[in-house]
Amino acid sequence: MFNLSENACIGVIGAGAMGTGITQIAAQNGHKVCLVDASAPALEKSQTLLKTTFYKLAEKGKISPENAEKAIQAIRFTTALEDLYSADLVIEAIVENLAIKKEIFSRLAAIVKPEAILATNTSSLSVTSIASSVKNAERVLGLHFFNPPPLMPLVEVVPGLASADSTVQSILALMKKWGKKPVLAKDTPAFIVNRLARPFYGEAIRMMEEGIADCATIDWAMKTFGQFKMGPFELMDYIGHDVNYVVTETVFAAFFYDPRYRPSFSQKRLLEAGRLGKKSGHGFYNYGAAMPEPQKDEVLGRIIMERIVAMLINEAAEALLLGVASASDLDLAMKAGVNYPKGLLEWANEWGAHNVYTVLKGLQETYGDDRYRPSALLRQKALQNERF
Ligand code: NAI
């Protein structure tokens, strides 16, 4: 039986962007935190950042100066994994590499108490595989925060094959206490958000490659008619093609090369050219020049939006069919994790499953490509005129 008390001691491994953010949340919620990183400079950087953040929060009146000081004092920074011996929960946020993560989990299991819960913040690796390096795998699970962790409300809670129900329930309760919106996701490639969002990028690039519209027009269409905060090309440039392309390629391989997730040559070339997006000054857009003007044609704009949204809904329907998550968690994940204007199944109900199905059937017929095959669940909802 795994349980976490109010004053549970939290261990975090990895003092990068994610580990630092997770440490901030835990300390702000009154926990003692032990932050471990193999690199002393990384720990120093994280310490400076956390201090600055807590003082800023106090200045803005978001927390009291006493609580800011208390939170700073509650964090221990160390390079020794052994210092996690008293932790009740350890959240690992080191480099995204299966062999390295397995090695750290196996070392960790020998250090912590047998009742300590061990979580990984992996965004793409198999939780079950990481857990297999620990004898007592009932206490291991995935706990996927979004960047930046203190600001993004969504957390994907991912039980591995061996995770105990009490492990999962105590983490769900803790996340709610921390003010997060946890969703439960099956241990399948890319969990919920990173899987469901693939067509937002992939289908936009496909239309651009075919010459249906340019980047600026597709971005305009998605913002104007889809109410998305950012268009797909702006967003890919913002995320960086070194991250976004690599995720697409990883997901494609993880799904045994299903054409639904096929990466694109256009994005691969950007990566090869070092045009990583905003951070390098050039991606799909050139940030050193004037931004191109969209072609504001409403008919074209709606066709673009409907094609991408139909593909997104299809992905959500397939995930529901395969039990990746409940309908409400699938919808919550996209709203709280990537700021979608609506949940995708909610959107399907509004638009009508039959209309979504018609768009996909049309694309499948036009291209003869399995990429556009409608999910059996979407087909059923369309033919029986049912809601999700
Ligand atoms: P990062 O590169 O900013 O930080 C990783 C830290 O781990 C570094 O400070 C490094 O020194 C340390 N480290 C590496 N190997 C170690 C080891 N064996 N022992 C101790 N420390 C070690 O990485 P970031 O972006 O914080 O990502 C961490 C994890 O979170 C990865 O698994 C990533 O996939 C996942 N993630 C990242 C998101 C993001 O947007 N950056 C979003 C959600 C999950």
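Visitor: What makes two strands count as paired in this predicted model?

Guide: Two strands pair if DSSP finds at least two bridges between them. The model is a predicted one. Its open sheet of 8 strands runs in the order β3-β2-β1-β4-β5-β6-β7-β8, with mixed pairing.

Visitor: Why do β3 and β8 stand at the edges?

Guide: β3 (75–78) and β8 (181–184) each have a single partner strand, so one side of each is left without a neighbour in the sheet. From one strand to the next, the twist averages 25°.

Visitor: How do you know that β2 and β3 pair?

Guide: Strand β2 (residues 33–36) and β3 share 4 bridges in the parallel sense. At least two bridges are required, so β2 and β3 count as paired. In one of these strands, β3, Thr 78 is the bridge partner of Val 36.

Visitor: How are α8 and α13 packed?

Guide: Helix α8 (residues 198–210) and helix α13 (residues 298–321) pack at about 145°, with their axes 9 Å apart. The crossing is right-handed. Among the contact residues are Phe 200 and Met 207 of α8, and Ile 304 and Leu 312 of α13. The contact has 8 nonpolar, no polar and 4 charged residues.

Terms used: Residues numbered from 1 in each chain as written. Predicted model: local features only at pLDDT ≥ 70, side-chain atom pairs only at ≥ 80, totals over all residues. Axes fitted to C-alpha atoms, helices over the stretch in contact; angles between N-to-C directions. Left-handed = near helix turned anticlockwise from the far one by under 90°. Contact = placed C-beta atoms within 7 Å. Nonpolar A, V, L, I, M, F, W, Y, C, P; charged D, E, K, R; others polar.
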